[in-house]
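I opened my notebook to look this chain up piece by piece. Here is what I noted along the way.

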Amino acid sequence: MFTHIDYYAGDPILGLMDKFVSDNNPHKVNLGIGIYYDEVGELPVLECVKTAERLIANPITPRPYLPMAGLLGHRVACQNLLFGAGSQVLQEDRVATIATLGGSGALKVGAEFIHQFFPQSKCYVSDPTWSNHIAIFEGCDIEVGSYPYYDNATSRLKFDEMLSFIKQLNKNDVVLLHPCCHNPTGVDLTPEQWDQVLKVMKQQQLIAFMDIAYQGFGEDMAQDAYAIRQAVAIGLPVFVSNSFSKNLSLYGERVGGLSVVCPTSDEAKRVFGQLNYTVRRIYTCPPSHGGHVVDIVMNDEELHQHWVNEVYAMRDRIKAMRLKLKSVLQTKLPERNFDYLTEQKGMFSFTGLTPKQIERLQSEYGVYLVSNSRMCMAGLNVSNVDYVAEAMARVLED
(Lines give C-alpha, C1' and ligand atoms only; values in the text may rest on other atoms or scores of the structure.)
Protein backbone atom coordinates (compact mmCIF):
# COMPACT_ATOMS: atom_id res chain seq x y z
CA MET A 1 0.00 0.00 0.00
CA PHE A 2 2.78 2.46 0.89
CA THR A 3 5.53 1.45 -1.51
CA HIS A 4 5.08 4.64 -3.53
CA ILE A 5 6.02 6.82 -0.52
CA ASP A 6 9.50 8.33 -0.57
CA TYR A 7 11.95 7.95 2.28
CA TYR A 8 12.44 11.05 4.44
CA ALA A 9 16.09 12.07 4.48
CA GLY A 10 15.70 13.58 7.93
CA ASP A 11 16.21 17.09 9.22
CA PRO A 12 19.88 18.09 8.80
CA ILE A 13 20.05 19.84 12.19
CA LEU A 14 18.19 17.22 14.23
CA GLY A 15 20.11 14.50 12.40
CA LEU A 16 23.35 16.18 13.45
CA MET A 17 22.19 15.82 17.07
CA ASP A 18 21.88 12.04 16.62
CA LYS A 19 25.38 11.89 15.18
CA PHE A 20 26.72 13.90 18.12
CA VAL A 21 25.08 11.62 20.69
CA SER A 22 26.66 8.51 19.14
CA ASP A 23 30.16 10.06 19.03
CA ASN A 24 32.52 8.53 21.64
CA ASN A 25 34.98 11.46 21.62
CA PRO A 26 35.25 12.58 25.28
CA HIS A 27 35.91 16.17 24.15
CA LYS A 28 32.95 16.41 21.75
CA VAL A 29 31.11 19.74 21.52
CA ASN A 30 27.64 20.29 20.07
CA LEU A 31 27.45 23.63 18.26
CA GLY A 32 24.74 22.56 15.85
CA ILE A 33 21.24 22.71 17.28
CA GLY A 34 19.90 26.12 18.31
CA ILE A 35 19.60 25.62 22.06
CA TYR A 36 20.96 27.87 24.80
CA TYR A 37 23.23 25.99 27.20
CA ASP A 38 24.61 27.56 30.37
CA GLU A 39 28.22 27.87 31.49
CA VAL A 40 28.40 24.19 32.50
CA GLY A 41 26.80 23.00 29.28
CA GLU A 42 23.34 22.32 30.66
CA LEU A 43 19.90 23.47 29.48
CA PRO A 44 18.78 25.94 32.17
CA VAL A 45 15.40 26.28 33.82
CA LEU A 46 14.93 30.01 34.42
CA GLU A 47 14.22 31.06 38.00
CA CYS A 48 11.18 33.05 36.88
CA VAL A 49 9.82 29.90 35.22
CA LYS A 50 10.35 27.86 38.38
CA THR A 51 8.31 30.42 40.31
CA ALA A 52 5.52 30.33 37.73
CA GLU A 53 5.41 26.54 37.72
CA ARG A 54 5.17 26.38 41.49
CA LEU A 55 2.18 28.70 41.27
CA ILE A 56 0.59 26.55 38.56
CA ALA A 57 1.03 23.39 40.64
CA ASN A 58 -0.38 24.87 43.86
CA PRO A 59 -3.02 23.58 43.73
CA ILE A 60 -2.99 21.19 40.79
CA THR A 61 -6.06 22.00 38.69
CA PRO A 62 -7.96 20.38 35.77
CA ARG A 63 -6.71 20.83 32.21
CA PRO A 64 -9.63 22.05 30.06
CA TYR A 65 -9.31 23.02 26.42
CA LEU A 66 -8.05 26.54 25.96
CA PRO A 67 -9.76 28.95 23.56
CA MET A 68 -8.59 28.53 19.96
CA ALA A 69 -6.62 31.78 20.29
CA GLY A 70 -5.05 30.72 23.60
CA LEU A 71 -5.01 32.45 26.97
CA LEU A 72 -5.75 36.17 26.97
CA GLY A 73 -2.74 36.80 29.22
CA HIS A 74 -0.48 34.95 26.79
CA ARG A 75 -1.77 37.02 23.88
CA VAL A 76 -1.41 40.29 25.79
CA ALA A 77 2.13 39.30 26.73
CA CYS A 78 3.04 38.81 23.05
CA GLN A 79 1.57 42.18 22.11
CA ASN A 80 3.28 44.12 24.90
CA LEU A 81 6.63 42.52 24.16
CA LEU A 82 6.50 43.13 20.42
CA PHE A 83 4.75 46.50 20.16
CA GLY A 84 5.33 48.05 23.60
CA ALA A 85 2.83 48.14 26.46
CA GLY A 86 0.42 51.02 25.97
CA SER A 87 1.48 51.64 22.37
CA GLN A 88 -0.97 53.43 20.12
CA VAL A 89 -1.53 50.43 17.86
CA LEU A 90 -2.66 48.37 20.85
CA GLN A 91 -4.87 51.14 22.19
CA GLU A 92 -6.56 51.28 18.78
CA ASP A 93 -7.19 47.47 18.84
CA ARG A 94 -5.51 47.05 15.47
CA VAL A 95 -3.51 43.91 16.31
CA ALA A 96 -4.98 40.42 15.98
CA THR A 97 -2.94 38.02 18.14
CA ILE A 98 -3.24 34.30 18.80
CA ALA A 99 -1.12 31.95 20.90
CA THR A 100 0.51 29.26 18.78
CA LEU A 101 2.51 26.02 18.84
CA GLY A 102 5.84 27.81 19.08
CA GLY A 103 7.22 30.03 16.35
CA SER A 104 6.80 27.22 13.81
CA GLY A 105 3.08 27.06 14.54
CA ALA A 106 2.82 30.82 14.10
CA LEU A 107 4.52 30.60 10.71
CA LYS A 108 2.23 27.75 9.67
CA VAL A 109 -0.98 29.55 10.65
CA GLY A 110 0.23 32.77 9.01
CA ALA A 111 1.20 30.97 5.80
CA GLU A 112 -2.17 29.18 5.63
CA PHE A 113 -3.94 32.52 6.11
CA ILE A 114 -1.90 34.18 3.35
CA HIS A 115 -2.48 31.30 0.95
CA GLN A 116 -6.25 31.52 1.51
CA PHE A 117 -6.69 35.28 1.26
CA PHE A 118 -3.73 36.26 -0.96
CA PRO A 119 -3.50 33.21 -3.25
CA GLN A 120 -1.34 34.96 -5.87
CA SER A 121 1.32 36.01 -3.37
CA LYS A 122 4.82 34.61 -3.49
CA CYS A 123 7.07 34.47 -0.45
CA TYR A 124 10.69 35.61 -0.47
CA VAL A 125 13.16 34.57 2.23
CA SER A 126 16.71 35.70 2.88
CA ASP A 127 19.59 33.83 1.27
CA PRO A 128 20.31 31.96 3.50
CA THR A 129 17.51 31.49 6.01
CA TRP A 130 16.28 28.91 8.49
CA SER A 131 15.38 25.94 6.28
CA ASN A 132 11.98 25.44 7.92
CA HIS A 133 10.85 28.83 6.61
CA ILE A 134 10.96 27.41 3.11
CA ALA A 135 9.40 24.08 4.09
CA ILE A 136 6.48 25.68 5.93
CA PHE A 137 5.50 28.12 3.18
CA GLU A 138 5.97 25.57 0.40
CA GLY A 139 3.90 23.15 2.47
CA CYS A 140 1.07 25.71 2.28
CA ASP A 141 1.35 25.76 -1.54
CA ILE A 142 3.06 29.15 -1.59
CA GLU A 143 5.86 29.61 -4.11
CA VAL A 144 9.09 30.53 -2.32
CA GLY A 145 12.02 32.50 -3.70
CA SER A 146 14.97 34.21 -2.06
CA TYR A 147 16.38 37.71 -1.84
CA PRO A 148 20.11 38.59 -1.57
CA TYR A 149 21.29 38.82 2.02
CA TYR A 150 24.65 37.39 3.10
CA ASP A 151 27.99 37.94 1.37
CA ASN A 152 30.24 34.93 1.95
CA ALA A 153 33.29 36.86 0.80
CA THR A 154 32.96 39.67 3.34
CA SER A 155 30.81 37.98 6.05
CA ARG A 156 28.51 40.99 5.83
CA LEU A 157 25.12 42.04 4.51
CA LYS A 158 24.43 42.50 0.77
CA PHE A 159 22.27 45.49 1.57
CA ASP A 160 22.26 47.27 -1.80
CA GLU A 161 21.41 44.04 -3.62
CA MET A 162 18.72 43.24 -1.07
CA LEU A 163 17.09 46.63 -1.43
CA SER A 164 17.22 46.53 -5.24
CA PHE A 165 15.62 43.10 -5.28
CA ILE A 166 12.74 44.10 -3.00
CA LYS A 167 12.00 47.12 -5.23
CA GLN A 168 11.17 44.72 -8.06
CA LEU A 169 8.59 42.59 -6.22
CA ASN A 170 4.88 42.59 -6.96
CA LYS A 171 2.03 43.92 -4.83
CA ASN A 172 1.13 41.57 -1.93
CA ASP A 173 4.26 39.48 -2.29
CA VAL A 174 5.50 38.35 1.12
CA VAL A 175 8.99 39.25 2.37
CA LEU A 176 10.02 37.15 5.36
CA LEU A 177 12.33 39.17 7.60
CA HIS A 178 14.36 38.50 10.76
CA PRO A 179 13.98 41.58 13.04
CA CYS A 180 17.02 40.55 15.10
CA CYS A 181 19.61 37.78 15.53
CA HIS A 182 19.34 36.51 11.95
CA ASN A 183 19.24 32.73 11.69
CA PRO A 184 21.63 31.34 10.49
CA THR A 185 24.14 34.17 9.89
CA GLY A 186 23.85 36.46 12.92
CA VAL A 187 24.10 39.44 10.52
CA ASP A 188 21.41 42.06 11.22
CA LEU A 189 20.30 45.27 9.53
CA THR A 190 21.01 48.58 11.25
CA PRO A 191 18.05 50.82 12.19
CA GLU A 192 18.89 53.07 9.22
CA GLN A 193 18.84 50.09 6.87
CA TRP A 194 15.54 48.91 8.31
CA ASP A 195 14.08 52.35 7.64
CA GLN A 196 15.01 52.07 3.97
CA VAL A 197 13.74 48.50 3.54
CA LEU A 198 10.40 49.20 5.22
CA LYS A 199 9.89 52.38 3.20
CA VAL A 200 10.36 50.42 -0.03
CA MET A 201 8.02 47.68 1.17
CA LYS A 202 5.29 50.21 1.84
CA GLN A 203 5.80 51.83 -1.57
CA GLN A 204 5.59 48.43 -3.27
CA GLN A 205 2.58 47.37 -1.13
CA LEU A 206 4.35 44.24 0.04
CA ILE A 207 3.45 42.04 2.99
CA ALA A 208 6.05 42.01 5.75
CA PHE A 209 6.25 38.74 7.69
CA MET A 210 8.67 39.17 10.59
CA ASP A 211 9.87 36.09 12.46
CA ILE A 212 11.41 36.99 15.82
CA ALA A 213 12.63 33.96 17.76
CA TYR A 214 15.46 35.53 19.79
CA GLN A 215 14.15 38.80 21.24
CA GLY A 216 16.54 39.99 23.94
CA PHE A 217 19.53 38.03 22.65
CA GLY A 218 20.75 40.80 20.33
CA GLU A 219 20.64 44.15 22.12
CA ASP A 220 17.63 44.64 24.42
CA MET A 221 13.92 43.89 24.23
CA ALA A 222 12.98 47.21 22.61
CA GLN A 223 15.94 47.50 20.20
CA ASP A 224 15.47 43.93 19.00
CA ALA A 225 11.87 44.84 18.07
CA TYR A 226 12.89 48.03 16.22
CA ALA A 227 11.92 46.74 12.77
CA ILE A 228 8.49 45.63 14.00
CA ARG A 229 7.69 48.91 15.72
CA GLN A 230 9.02 50.97 12.83
CA ALA A 231 6.83 49.04 10.39
CA VAL A 232 3.82 49.89 12.57
CA ALA A 233 4.90 53.53 12.81
CA ILE A 234 4.91 53.99 9.01
CA GLY A 235 1.58 52.21 8.56
CA LEU A 236 2.84 48.97 7.04
CA PRO A 237 0.56 45.95 7.67
CA VAL A 238 2.75 43.24 9.16
CA PHE A 239 2.62 39.64 10.33
CA VAL A 240 4.81 38.82 13.35
CA SER A 241 5.62 35.31 14.55
CA ASN A 242 7.35 35.14 17.92
CA SER A 243 8.71 32.31 20.02
CA PHE A 244 9.41 31.85 23.72
CA SER A 245 11.52 28.72 23.20
CA LYS A 246 14.87 30.46 23.62
CA ASN A 247 14.20 33.48 25.80
CA LEU A 248 12.10 31.51 28.31
CA SER A 249 14.02 28.24 27.74
CA LEU A 250 10.70 26.49 27.07
CA TYR A 251 11.71 24.50 23.99
CA GLY A 252 9.47 21.48 24.50
CA GLU A 253 6.43 23.44 25.65
CA ARG A 254 5.94 24.93 22.15
CA VAL A 255 4.95 28.43 23.18
CA GLY A 256 4.71 31.23 20.64
CA GLY A 257 2.38 33.72 19.05
CA LEU A 258 1.19 35.16 15.76
CA SER A 259 0.23 38.84 15.55
CA VAL A 260 -1.19 40.61 12.52
CA VAL A 261 -1.14 44.42 12.48
CA CYS A 262 -4.15 45.77 10.57
CA PRO A 263 -5.12 49.24 9.29
CA THR A 264 -8.35 49.33 11.36
CA SER A 265 -9.88 47.62 14.39
CA ASP A 266 -12.66 46.19 12.21
CA GLU A 267 -10.10 44.51 9.95
CA ALA A 268 -8.30 43.20 13.04
CA LYS A 269 -11.53 41.55 14.22
CA ARG A 270 -12.01 39.89 10.83
CA VAL A 271 -8.42 38.67 10.76
CA PHE A 272 -8.67 37.41 14.35
CA GLY A 273 -11.74 35.36 13.49
CA GLN A 274 -10.08 33.78 10.48
CA LEU A 275 -6.91 33.02 12.45
CA ASN A 276 -9.09 31.19 14.97
CA TYR A 277 -10.75 29.23 12.17
CA THR A 278 -7.33 28.32 10.76
CA VAL A 279 -6.24 27.04 14.17
CA ARG A 280 -9.46 25.01 14.47
CA ARG A 281 -8.70 23.29 11.17
CA ILE A 282 -5.16 22.38 12.20
CA TYR A 283 -4.87 21.70 15.95
CA THR A 284 -7.97 23.24 17.66
CA CYS A 285 -6.14 25.05 20.47
CA PRO A 286 -2.63 25.64 21.84
CA PRO A 287 -1.17 23.75 24.83
CA SER A 288 -2.02 24.91 28.32
CA HIS A 289 1.08 24.64 30.51
CA GLY A 290 3.46 26.82 28.52
CA GLY A 291 0.72 29.37 27.97
CA HIS A 292 0.14 29.67 31.70
CA VAL A 293 3.89 30.09 32.32
CA VAL A 294 4.01 32.96 29.81
CA ASP A 295 0.88 34.52 31.32
CA ILE A 296 2.29 34.46 34.85
CA VAL A 297 5.87 35.57 34.07
CA MET A 298 5.06 38.29 31.56
CA ASN A 299 2.13 39.87 33.37
CA ASP A 300 3.64 40.07 36.85
CA GLU A 301 5.85 43.17 37.14
CA GLU A 302 8.43 41.58 39.45
CA LEU A 303 8.64 38.28 37.57
CA HIS A 304 8.81 40.07 34.24
CA GLN A 305 11.80 42.12 35.35
CA HIS A 306 13.42 38.97 36.73
CA TRP A 307 12.91 37.35 33.33
CA VAL A 308 14.44 40.31 31.48
CA ASN A 309 17.50 40.14 33.72
CA GLU A 310 17.88 36.41 33.08
CA VAL A 311 17.62 36.90 29.31
CA TYR A 312 20.26 39.62 29.38
CA ALA A 313 22.54 37.36 31.41
CA MET A 314 22.22 34.70 28.68
CA ARG A 315 22.85 37.35 26.02
CA ASP A 316 25.97 38.63 27.76
CA ARG A 317 27.38 35.11 28.21
CA ILE A 318 27.02 34.50 24.46
CA LYS A 319 28.76 37.81 23.73
CA ALA A 320 31.59 36.84 26.06
CA MET A 321 32.03 33.53 24.21
CA ARG A 322 32.13 35.37 20.89
CA LEU A 323 34.87 37.61 22.22
CA LYS A 324 36.85 34.71 23.66
CA LEU A 325 36.64 32.63 20.47
CA LYS A 326 37.72 35.59 18.38
CA SER A 327 40.63 36.32 20.71
CA VAL A 328 42.00 32.77 20.64
CA LEU A 329 41.58 32.43 16.87
CA GLN A 330 43.22 35.80 16.25
CA THR A 331 46.21 34.73 18.33
CA LYS A 332 46.58 31.43 16.48
CA LEU A 333 45.92 32.86 13.00
CA PRO A 334 46.99 36.52 13.13
CA GLU A 335 46.89 36.86 9.35
CA ARG A 336 43.10 36.30 9.32
CA ASN A 337 40.31 38.69 10.30
CA PHE A 338 37.78 37.29 12.77
CA ASP A 339 35.90 40.54 13.48
CA TYR A 340 32.72 38.99 12.11
CA LEU A 341 32.47 36.81 15.22
CA THR A 342 31.79 39.82 17.44
CA GLU A 343 29.88 41.84 14.84
CA GLN A 344 27.25 39.13 14.39
CA LYS A 345 24.44 38.95 16.96
CA GLY A 346 22.43 36.34 18.76
CA MET A 347 22.92 32.62 19.17
CA PHE A 348 24.36 31.92 15.73
CA SER A 349 27.45 32.73 13.74
CA PHE A 350 28.33 31.97 10.14
CA THR A 351 31.94 30.77 10.40
CA GLY A 352 32.72 30.59 6.69
CA LEU A 353 34.08 27.06 7.07
CA THR A 354 33.72 24.79 4.05
CA PRO A 355 31.78 21.49 4.21
CA LYS A 356 35.11 19.64 4.06
CA GLN A 357 36.46 21.62 7.01
CA ILE A 358 33.26 21.02 8.97
CA GLU A 359 33.53 17.29 8.28
CA ARG A 360 37.08 17.35 9.65
CA LEU A 361 35.91 19.15 12.77
CA GLN A 362 33.41 16.36 13.35
CA SER A 363 35.54 13.35 12.48
CA GLU A 364 38.84 14.49 14.00
CA TYR A 365 37.77 16.67 16.92
CA GLY A 366 34.14 15.87 17.70
CA VAL A 367 33.10 19.49 17.11
CA TYR A 368 29.69 19.61 15.43
CA LEU A 369 28.48 22.50 13.25
CA VAL A 370 25.70 22.59 10.67
CA SER A 371 27.04 21.88 7.18
CA ASN A 372 26.27 25.44 5.97
CA SER A 373 28.89 26.63 8.55
CA ARG A 374 26.36 27.84 11.15
CA MET A 375 27.70 27.64 14.70
CA CYS A 376 25.52 27.89 17.79
CA MET A 377 27.59 30.18 20.00
CA ALA A 378 25.53 29.22 23.07
CA GLY A 379 27.19 25.79 23.00
CA LEU A 380 30.53 27.36 23.92
CA ASN A 381 31.67 27.77 27.51
CA VAL A 382 34.92 28.38 29.40
CA SER A 383 35.61 24.63 29.45
CA ASN A 384 35.44 24.05 25.70
CA VAL A 385 36.04 27.35 23.89
CA ASP A 386 39.84 26.92 23.73
CA TYR A 387 39.44 23.37 22.41
CA VAL A 388 36.99 24.53 19.75
CA ALA A 389 39.24 27.43 18.75
CA GLU A 390 42.25 25.11 18.47
CA ALA A 391 40.26 22.70 16.29
CA MET A 392 39.00 25.52 14.06
CA ALA A 393 42.48 26.96 13.70
CA ARG A 394 43.90 23.60 12.60
CA VAL A 395 41.31 23.02 9.87
CA LEU A 396 41.66 26.62 8.69
CA GLU A 397 45.45 26.30 8.42
CA ASP A 398 45.29 23.41 5.94
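**Entry: a buried tyrosine and its partner**

I started with a residue pair in this predicted model. F165 came up as partly exposed, because its relative accessible area is 24%, which lies between the 20% limit for buried and the 50% limit for exposed. I then turned to Y124, which is buried at a relative accessible area of 13%.

How are the rings of Y124 and F165 arranged? I found them edge-to-face, with 5.6 Å from centre to centre and 70 degrees between the planes.

**Entry: other rings**

I looked up how many aromatic pairs the structure holds, and the count is eleven. I also found one aromatic cluster, made up of F113, F117, F137, F209 and F239. F239 turns up again below, where I follow its bridge to V260.

At F20, the charged end of K28 sits over the ring, 4.7 Å from its centre. At F348, R374 lies over the face, with 3.8 Å to the ring centre.

**Entry: the whole chain**

I stepped back for the overall picture. The chain has 16 helices and 13 strands. Its C-alpha trace spans about 60 × 55 × 55 Å along the principal axes. I checked the radius of gyration too: the chain has 21 Å, and a compact globule of 398 residues would have one near 21 Å, so the two agree.

Of the 398 residues, 54% count as buried. I also asked about contacts with a separation of 6 or more: 75% of them are between residues 24 or more positions apart.

**Entry: the seven-stranded sheet**

In which order do the strands of the open sheet of seven run? I wrote down β2-β10-β9-β8-β7-β3-β4, with mixed pairing. At the edges are β2 (95-101) and β4 (144-148), each of which pairs on one side only. Ignoring direction, neighbouring strands of this sheet are turned by 25 degrees against each other on average.

A reminder to myself: strands of a sheet pair through backbone hydrogen bonds, either parallel or antiparallel.

**Entry: around β10**

Strand β9 (residues 238-243) is joined to β10 (residues 255-261) by six bridges, and the two run antiparallel. Between β2 and β10 I found seven bridges, again with an antiparallel run.

Then I traced individual bridges. V260 in β10 is the bridge partner of F239, and V260 is also the bridge partner of A96. V240 has S259 of β10 as its bridge partner.

Is β10 mostly covered or mostly open? It is mostly covered, since the count I noted is seven buried residues of seven, with buried meaning under 20% relative accessible area. V255, G257, S259 and V261 point one way from the strand, G256, L258 and V260 point the other way, and all are buried. That goes with the general rule that side chains in a regular strand alternate between the two faces of the sheet.

I also looked for a helix against these strands. Helix α5 (residues 102-117) lies across β2, β7 (174-177), β8 (207-212), β9 and β10, and runs at about 160 degrees to β9.

**Entry: N242**

Next I picked a residue of strand β9, N242. N242 counts as buried, because its relative accessibility is 2%. What does N242 touch, once residues up to four places away in sequence are left out? My list reads C78, L82, G102, G103, I212, G256 and G257. G256 and G257 are two residues of β10 that point opposite ways from that strand.

**Entry: L157**

My last stop was L157, which I placed in strand β6 (residues 156-157). L157 is buried, as its relative accessible area is 18% and the limit for buried is 20%. How far is L157 from D188 in space? I noted 7.7 Å from C-alpha to C-alpha, for residues 31 apart in sequence.

For contacts of L157, leaving aside neighbours within four places in sequence, I wrote down Y149, M162, V187, L189 and Q193.

Note on methods. Residues numbered from 1 in each chain as written. Predicted model: local features only at pLDDT ≥ 70, side-chain atom pairs only at ≥ 80, totals over all residues. Heavy atoms only, no water. Phe/Tyr/Trp six-rings, centres within 6.5 Å; stacked < 30°, edge-to-face > 60°. Buried < 20%, exposed > 50% of the residue type's maximum accessible area, 1.4 Å probe, protein only. Lys NZ or Arg CZ within 6 Å of the ring centre and 35° of its normal. Pairing = 2+ DSSP bridges. Helix = DSSP H or I, 4+ residues; strand = E, 2+ residues; numbered from the N terminus. Axes fitted to C-alpha atoms, helices over the stretch in contact; angles between N-to-C directions. Contact = heavy atoms within 4.5 Å. Rg over C-alpha atoms; globule rule 2.2 N^0.38 Å.
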